[in-house]
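Please consult the sequence and the structure shown below while reading.

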Amino acid sequence: MSRFISEPKTAAIVGCSFSGGQPKLGVDKGPIHLVEAGLIDQLAGLGWKVKFDGHNQFEDIKVLDDPPIGILKNPRLVSRVNESVAQVVEAHVRNKELPITLGGDHSLAIGTISGTLSVHPNACVIWIDAHADINTAESTDSGNIHGMPVSFLLGLGSKIPEFSWVKPLLKAERLVYIGLRDVDVGEKRILRENNIKAFSMHDVDKYGIGRVVEMALDHVNPKRDLPIHLSFDVDALDPSVAPSTGTPVRGGLTFREGHYICEAVCETGLLVALDLVEVNPSLADDASVEQTVAVGCSLVRSALGETLL
């Protein structure tokens with residue numbers, strides 16, 4: 001039973017074949033692989049009505065001249081695509097449908113979470129990732145915006161006019177991370193200074209995933225009454241589980257730990273939006289790509305109610 005999704009429950013697949021937030025080609029092919037693996041029928045089999053408007057709803061957005069701003073790469077393109085994503089996600093959330101954004105790189109969360117927060121400004125964000133993605137224009141070493149979306153959502157760092165449409169609606173106390181294990185020095189400082197709750201792989205090892213998810217929910221959603229936006233980067237999983245992704249880091253979540261997070265969020269009945277990003281089918285052999293895509297579909301199914309029994 002979902003508190004914020006109306007009956008008959010409808011999932012809207014937002015295909016976003018976008019790679020502009022990072023330099024590796026191929027992550028734009030993630031959505032089509034997930035759809036071709038049968039995701040739509042799988043969700044229908046769980047009792048969801050599924051809306052699907054194509055695996056790349058934003059392909060017409062082009063920017064002719066996009067020089068770096070400071071060292072930020074493709075800033076205008078990233079901004080423009082995310083602004084459109086925000087409008088699409090907002091419309092689905094407002095309509096009490098569940099948007100499932102298939103990426104694409106994690107810069108897309110600027111748009112998806114903005115869309116959710118424009119309808120539910122009190123929503124909490126559970127960010128599943130090996131990386132904190134909270135660099136600012138000042139702290140980033142690479143200039144790749146997929147390592148920066150959280151700072152835009154929180155309103156941290158210097159203001160960049162091209163992103164003036166992004167309202168800093170996310171509150172630090174409404175954000176929690178699970179799975180971190182590759183965090184830049186500047187990001188560690190940002191997390192500390194803003195008192196942001198983060199559960200690293202050390203915490204998962206120490207407490208177990210069940211306790212970690214419970215503590216994460218206790219922090220961002222203590223009364224279990226706020227909408228939840230779940231943003232899941234497949235690189236949170238160990239590369240042995242999801243090898244076909246752009247920035248794999250050893251020592252990640254197991255297959256079951258990743259699924260447990262999705263199952264536990266589903267059990268709350270509070271999920272209002274889901275991102276599944278950074279599946280990159282060009283970075284591994286066919287068997288590894290197939291494995292990663294299958295895991296991606298499986299995570300989405302778990303978040304939408306598939307159980308083991």
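The buried residues of helix H4 (residues 109-119) are covered by elements that include H3, E3, E4, helix H5 (149-154), E7 and E8, where contact means heavy atoms within 4.5 Å. Helices (H or I, at least four residues) and strands (E, at least two) are DSSP runs, numbered from the N terminus. The model is predicted: local features need pLDDT of at least 70, side-chain atom pairs count only at pLDDT 80 or more, and totals for chains, interfaces and linings use all residues. Residues are numbered from 1 along each chain as its sequence is written, and side-chain values use heavy atoms, with hydrogens and water left out.

- Nine of the eleven residues of H4 are buried; buried means under 20% relative accessible area, exposed over 50%, and partly exposed in between (1.4 Å probe, protein chains only).
- The buried residues of H4 are Ala109, Ile110, Gly111, Thr112, Ile113, Ser114, Gly115, Thr116 and Leu117.

**The sheet**

- Eight strands form an open sheet in the order E2-E1-E3-E8-E7-E4-E5-E6, with parallel pairing; two strands pair if DSSP finds at least two bridges between them.
- Strand E2 (49-52) and strand E6 (197-200) stand at the edges with a single partner strand each, so one side of each has no neighbour in the sheet.
- From one strand to the next, the twist averages 15°; angles run from 0 to 180 degrees between N-to-C directions, and axes are lines fitted to C-alpha atoms, for helices over the stretch in contact.
- Strands of a sheet pair through backbone hydrogen bonds, either parallel or antiparallel.

**Strand pairs within the sheet**

- Strand E1 (residues 10-16) runs parallel to E3 and is joined to it by six bridges, with Cys16 opposite Gly103 in E3.
- Three bridges pair E3 with E8 in the parallel sense, and Leu102 stands opposite Leu276 in E8.
- Strand E7 (residues 228-233) pairs with strand E8 (residues 271-277) in the parallel sense over six bridges; Leu276 in E8 is the bridge partner of Phe232.
- Helix H10 (residues 286-303) packs on the sheet and touches strand E3 (98-103), E7 and E8, its direction making about 175° with that of E8.
- Strand E4 (residues 124-128) and E5 are paired in the parallel sense by four bridges, and Trp127 stands opposite Tyr177 in E5.

**Covered strands**

- All six of the six residues of E3 are buried.
- Leu98, Ile100 and Leu102 point one way from E3, whereas Pro99, Thr101 and Gly103 point the other way.
- In a regular strand the side chains alternate between the two faces of the sheet.
- Strand E5 (residues 175-180) is largely enclosed by the rest of the structure, because six of its six residues are buried.

**Packing of helices H9 and H10**

- Helix H9 (residues 255-268) packs against H10 at an angle of about 30°, and their axes are 7 Å apart.
- That angle makes H9 roughly parallel to H10; angles under 35 degrees count as roughly parallel, over 145 as roughly antiparallel, 65 to 115 as roughly perpendicular and the rest as oblique.
- H9 contributes Phe255, Gly258, His259, Cys262, Glu263 and Cys266 to the contact, and H10 contributes Val295, Ser298, Leu299, Ser302 and Ala303.
- By class, this contact has six nonpolar, four polar and one charged residues; Ala, Val, Leu, Ile, Met, Phe, Trp, Tyr, Cys and Pro count as nonpolar, Asp, Glu, Lys and Arg as charged, and the others, Gly among them, as polar.

**Salt bridges**

- The whole structure holds nine salt bridges, a salt bridge being a side-chain nitrogen of Lys or Arg within 4 Å of a carboxyl oxygen of Asp or Glu.
- Glu90 and Arg94 form a salt bridge (2.7 Å, N to O); these residues are four apart in helix H3 (residues 75-94), so about one helical turn separates them.
- Glu90 is partly exposed, at 25% relative accessibility.
- Glu193 and Arg189 form a salt bridge whose closest N and O atoms are 3.6 Å apart, and both belong to helix H6 (residues 185-193).
- Glu193 is exposed at 58% relative accessible area, while Arg189 is partly exposed at 39%.
- Glu306 and Arg301 form a salt bridge with the closest N and O atoms 3.0 Å apart; Glu306 is partly exposed at 27%, whereas Arg301 is buried at 17%.
- A network of salt bridges links Glu214, Asp218 and Arg224.
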